[in-house]
Amino acid sequence: MKFTKMRILSIIFFSTFILFSSCSKKQTEVSRNQTQKSNFKIASMSPTSTEILSNLGLASHLIAIDTWSASVKDVPSTAVQFDMMNPDAERIAALEPDLLLVSEITKAGTSTDPFAALGQMGIQVIYIETALTINDIYRDIRSIAKLTGTEKKGESLIEQMKKEISKIAKIGASIPIDKRKTVVFEISAAPYIYSFGSGVYLDELLTTVGAINILANQTGWLSVSGETIVAANPSVILTNINYIEDPVAEICSRPGWDSLSAVRENQVYRIDSNSSSQPAPGIIKALKEIAKAVYPEYYSNLQ
């Protein structure tokens, strides 16, 4: 999916996890029972929710998705695609989903509740804000698993994630302090460089592998000047940009950046965009890529 300016804004402004439902508890219980049926229909206007549904084994129930969800594993080709920021509520209603999961970004972007009428029709509409931390991701998984009657699968998924993170954290903790590398991770390229400080899941991934985020003294998603990065002189530069053909080459070609240790030592790496830019189970893939990029000598045997 493209890492657009709108996506950057969504990361900056929607950083806590809250669920909003337009339906009653009774309706929720009915929907949970219905998920056991093969004809239970789900619409997802949130790529994060779509990935969680896929990991819960529910991708086959998807009848409608946002365009950014099209590349999620196991999503059926028959799922109708919609613009997440300009959803056609009437068309989605015509598909008669039993459950509609929507990113809170959609409501903010349209300055209204675009699916209010669907809730009044009896369709269960759940708004989900963007998770900020790894614990928020776990809560996302639990919430969606509860809504769909797949609690056991949800807990199993969380335990597997925790196991993978713990395995890497153990190696990261063993890296001597004087061997730890400083890192900056770009999520938007020059001239509008964005990165992050502490308190977000990508910073947690850096910390887990034993790296030092050069922006850790700040919090949240950040606009960063090139001068700030040059002054910090990071040992490693990571990027998950996917709207530039070769983001590594772009970083290395910036005027004055040839003085940076990361550039001189060829320590600039591209991390998978989908897994690193979605607060979902796919962060484990991103974590492993980060580990191998920053410390190949410690994580060479990581599977």
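**Exercise 1. In which loop is the place of serine 69?**

Solution. Serine 69 lies in the loop between strand 3 (62–66) and strand 4 (80–82); helices (H or I, at least four residues) and strands (E, at least two) are DSSP runs, numbered from the N terminus. This is a predicted model, in which local features need pLDDT of at least 70, side-chain atom pairs count only at pLDDT 80 or more, and totals for chains, interfaces and linings use all residues. Residues are numbered from 1 along each chain as its sequence is written, and side-chain values use heavy atoms, with hydrogens and water left out.

Next, take the burial of this residue. Serine 69 counts as buried because its relative accessibility is 0%; buried means under 20% relative accessible area, exposed over 50%, partly exposed in between (1.4 Å probe, protein chains only).

Last, take its contacts (heavy atoms within 4.5 Å). Not counting residues up to four places away in sequence, serine 69 touches Ser46, Pro47, Thr50 and Val75.

**Exercise 2. Find which residues of strand 6 point each way.**

Solution. Gln124, Ile126 and Ile128 point one way, and Val125 and Tyr127 the other. In a regular strand the side chains alternate between the two faces of the sheet. Five of the five residues of strand 6 (residues 124–128) are buried, so the strand is largely enclosed by the rest of the structure.

Then look at the partner. Strand 5 (residues 99–103) pairs with strand 6 in the parallel sense over five bridges; pairing requires that DSSP finds at least two bridges between two strands. Opposite glutamine 124 in strand 6 stands leucine 99.

**Exercise 3. Describe helix 7 and what follows it.**

Solution. Helix 7 (residues 134–147) has 14 residues and spans 20 Å from its first C-alpha to its last, close to the expected 20 Å. The expected span is 1.5 Å times one less than the number of residues. Ten of the 14 residues are buried, so helix 7 is largely enclosed by the rest of the structure; among them are Ile134, Asp136 and Tyr138. After the helix comes glycine 149, with a positive phi near 70°.
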